[in-house]
Amino acid sequence: MNRKIYFLKKWRWVLLMLVWCATMSAVRAAQSIHGFIRDDASGEPIPYANVILKGTQQGAVSNTEGYYVISSVPVGQDTLLVSIIGYELKPTPVQVALDDNVRLDVRLTEEVLAGEAVTVTAERQKFRELVTTSTMTLQQRDIEVAPSFVEADVFRAIQMLPGVQAINDFSSALYVRGSTPDQNLIMLDGITVYNPSHLGGVFSTFNTDAIKEADFRAGGFEARYGGRMGSILNIVNREGNTEEFAGKANISFLSSKLLLEGPLPGNSENSAIKGSWMLAGRRTYIDAIVNGLWQLYRLRNRNAVNPDGSPVVLPAQVFPYYFYDFQGKLNLDIGSKHRLTWSSFYGDDVFYLSDSYENEYRDFSSNPADPSAGYRSVYQDSYRFDWQWGNFTNSLTWRWILSPKIVAKTFLASSRYRFQIDTDLSDERWEYEVSDTSHYKSTFGMDIFDRVSDRTLETELTWFAAPNHTVTGGWQFKTMAFNLGMDFTVGETEEDTFYTRRDTLLWMLERPREQALFIQDKWEITNLLSAQVGLRLSHYSLHPGKFYPEPRLGLKYFLLDNLSLKAAWGVYNQFLGVANPPEANFHFIDIWLAIPEDYPASRSLHYILGAEYLTAGDILLRSEVYYKSFDHLLTLKPPTNFQVGQDVQNMNPFNEFYDTQARAYGMEWLVKKTTGKVRGWIGYTLAVTQRKNEVNDWYHPKYDRTHTLNMVADWQWNEEWHASTAVTYSSGNPYTPILARTEDYYFYDWGDETGWDAYSQYLYGDMNSERYPGYFRWDMSFSKRTATKWGSKEWFFQVVNVTNHLNILTYIYDQDFDWRTGQYKGVRRFGVPMFPFMPTVGVKYEF
């Protein structure tokens, strides 16, 4: 039987139930009010707004897209009240007839208080509604106010949350509750992004100006998410201003950014088709400035000569690196029930070097009186090194409101990650003599490539079955391609003829598929007890005939109106990973690969228990304990030495792995304040992560940190002046110590010479048995905003590592040799520091 057909038949009852739900809700005769809550100035949806009928207990809370539905509404005239902190209360009259489904979209206006900035917050509604544990949503302002390196960065802000570890200053990668970065599902508007960083991980891929919010789940996430077993991060871009053309410009030491947004042409309240658009771009410009100044220097010294009289040859450029990214979004509303959304991202890191040299040599010493009798040779050398890596994503989402209680979404997406090094070398020579002229040419080209392609189709139905039931179900299909290898091209002149030879070394060419069905129900059992029950069934094409059930459960119980207990449990499987050295301090790229057919899928279990308390002033206090187990993780084995006679075509550095187990457990505390002039959060994490494989018993991996304390504060003094600060302290990362230096001897026989020689090597201690000194960093930033005739201007000044604290990245070891005695004294080490004291300045414009 065809596996796809079997897969669908196995879950036909789920599909039939969803169809039945949709049919019953569509034909059911009952009054309801439904619609979207949006910001009046920009048209952006407002999630977690409180929507109630005046004088009744009937109401709803808008979801993440701003959608709400109130069922069983009485016939007659009513008033709909919509409220959320930071917006004016909006009473709207509504007339409901028998068996009528009223569509009522509401626009809210931000509150304006003289001399004080108003913060929009939905903490109280989230506290009441969210059943999932370990969830945090960062708005754009939360990301912008957290001090970071040079410019605001969403990953740097998330690294300040409890449960998230940063391995060092040079990496924005997220290590979440013992999970490695490849175990995080990173999405941009729902599209999987495989390499979400620039400059080898120093900066994230995402342009902060274009972000609306970052939805982060550290564990225990619901059944609609799969394919990863660590955490979920969905970056949601702005939809674009539906009311007017607007924009932002940002210039910092790192890059220049520009964002433009506005309504579609002909957009009006009475238009049958209306919508909005957003386009953002960013590029670093240090290379343009440095290389421009270098060209002036070359021009000034174009006639410089060396002491021997030969011309000075200067390289064409001295700073060969830059990155850029573009992202866009287009929303098109067709009538009141259909919306099409297109979202795209394109970004690359580029390291490019190229140059050519020409030199001529003449020798007339044999007959100075006759230059034609001399010797002349001309040399031409050239090289090109082109290293590029980046992402290209596209998605199209169709949202269809089948009925007030049924919302369908179909999602079609493609994601491409490319890493490529293309190198060309050329050496060409002409020799001219009286009786002969010769020509020789040799070339060498190497192309190392790693390409990941992901095409996804998803369909999801959300059924607002009753005021206490929200059922979500759907189907996901993903086809991937992993292409990893090298191309070699060699050219050489032989007997006056130029020959070329091309060889391909293909390490990986896999085209696996993933399929999944899921269903989940958010059920308010009583006023005090809620549950979110879900089941996901996954299939991986390289494991034919095998299905992976992944049950999920979340519980929430209110002890008081402002105090709740939460619990979560779930099974998570993953069918891909990265083949990076496990103990590297940082790496520039990720080598993605599918789980081989002869290896089991990686599996993790999550256990989470927590408590949340929300004060009258909307200060959130959260405490959680967690335990995670991991089975069948792939750990890349160290490379083996090449043996003479080995078949190069069969060499594969990415097919040997240790089957690894891991466990992570810990406790987290969070205090978050989202209103008032002073806002921010304090987070503390007590964590333990351990791994085990066939060569190492339980040990702490490189990214394990026992204690981490983060404090982020944001002070809005008035409408002009603003200050923020961030303080981080953590235990040092583990490392494997070098205990001593040893000398061994070997006998050599070189034919005409034999003897003994010595070579030295280091004696290592137990795996990651020691830790670097504790990490401490204090960052600060200040900004001043002034009004202009076209909008506003904001200058900002930022200092990284205010105290210039020395944080150790790694140790470099050397032999301590006493030149006076000629004796080795042992081993000495030097610490390589991370970010020093570093001030930056920049300016932002809004229009």
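Is R224 buried, exposed or partly exposed? R224 is partly exposed, at 24% relative accessibility; buried stands for under 20% relative accessible area, exposed for over 50% and partly exposed for what lies in between, using a 1.4 Å probe and protein chains only.

This is a predicted model, in which local features need pLDDT of at least 70 and side-chain atom pairs count only at pLDDT 80 or more, while totals for chains, interfaces and linings use all residues. Residues are numbered from 1 along each chain as its sequence is written, and side-chain values use heavy atoms, with hydrogens and water left out.

**Domains**

Colour residues 3-117 as domain 1, then 135-733 and 772-846 together as domain 2. These bounds come from an automatic or database domain assignment. The C-alpha centres of domain 1 and domain 2 are 36 Å apart.

**Salt bridges**

A salt bridge here is a side-chain nitrogen of Lys or Arg within 4 Å of a carboxyl oxygen of Asp or Glu. R224 sits in the loop between strand 16 (211-217) and strand 17 (231-237) and E460 in strand 25 (residues 437-466), so the pair ties together parts 236 residues apart in sequence. Strands (E, at least two residues) and helices (H or I, at least four) are DSSP runs numbered from the N terminus. E460 counts as buried because its relative accessibility is 13%.

Next select R238 and E261, whose side chains meet in a salt bridge of 2.5 Å, N to O. R238 is in the loop between strand 17 and strand 18 (246-251), and E261 is in strand 19 (residues 255-263), so this pair ties together parts 23 residues apart in sequence. Both R238 and E261 are buried.

Move to E129 and K522, a salt bridge with its closest N and O atoms 3.3 Å apart. E129 belongs to helix 3 (residues 123-129) and K522 to strand 28 (residues 513-524), and the two are 393 residues apart. E129 is partly exposed at 26% relative accessibility, and K522 is partly exposed at 26%.

For a network of salt bridges, select R38, E239, D333 and R339. The structure holds 36 salt bridges.

**A buried glutamate**

Go to E624 in strand 35 (residues 619-636). E624 counts as buried because its relative accessibility is 3%. Show R177 as well: a polar contact of 2.8 Å joins the two side chains. A polar contact is a pair of N or O atoms within 3.5 Å; within protein, one must be able to donate a hydrogen and the other to accept it, and residues adjacent in sequence count only if both atoms are side-chain atoms. Beyond its neighbours within four places in sequence, E624 is in contact (heavy atoms within 4.5 Å) with residues including T133, S134, I608 and M667.

**Strand 48**

Which strand holds G842? G842 is in strand 48 (residues 838-846), and its relative accessibility of 5% makes it buried. Leaving aside neighbours within four places in sequence, G842 is in contact with I251, S252, E794, W795 and F796.

**Last stop**

Select L555 in strand 30 (residues 547-560). L555 is partly exposed, with a relative accessible area of 36%.
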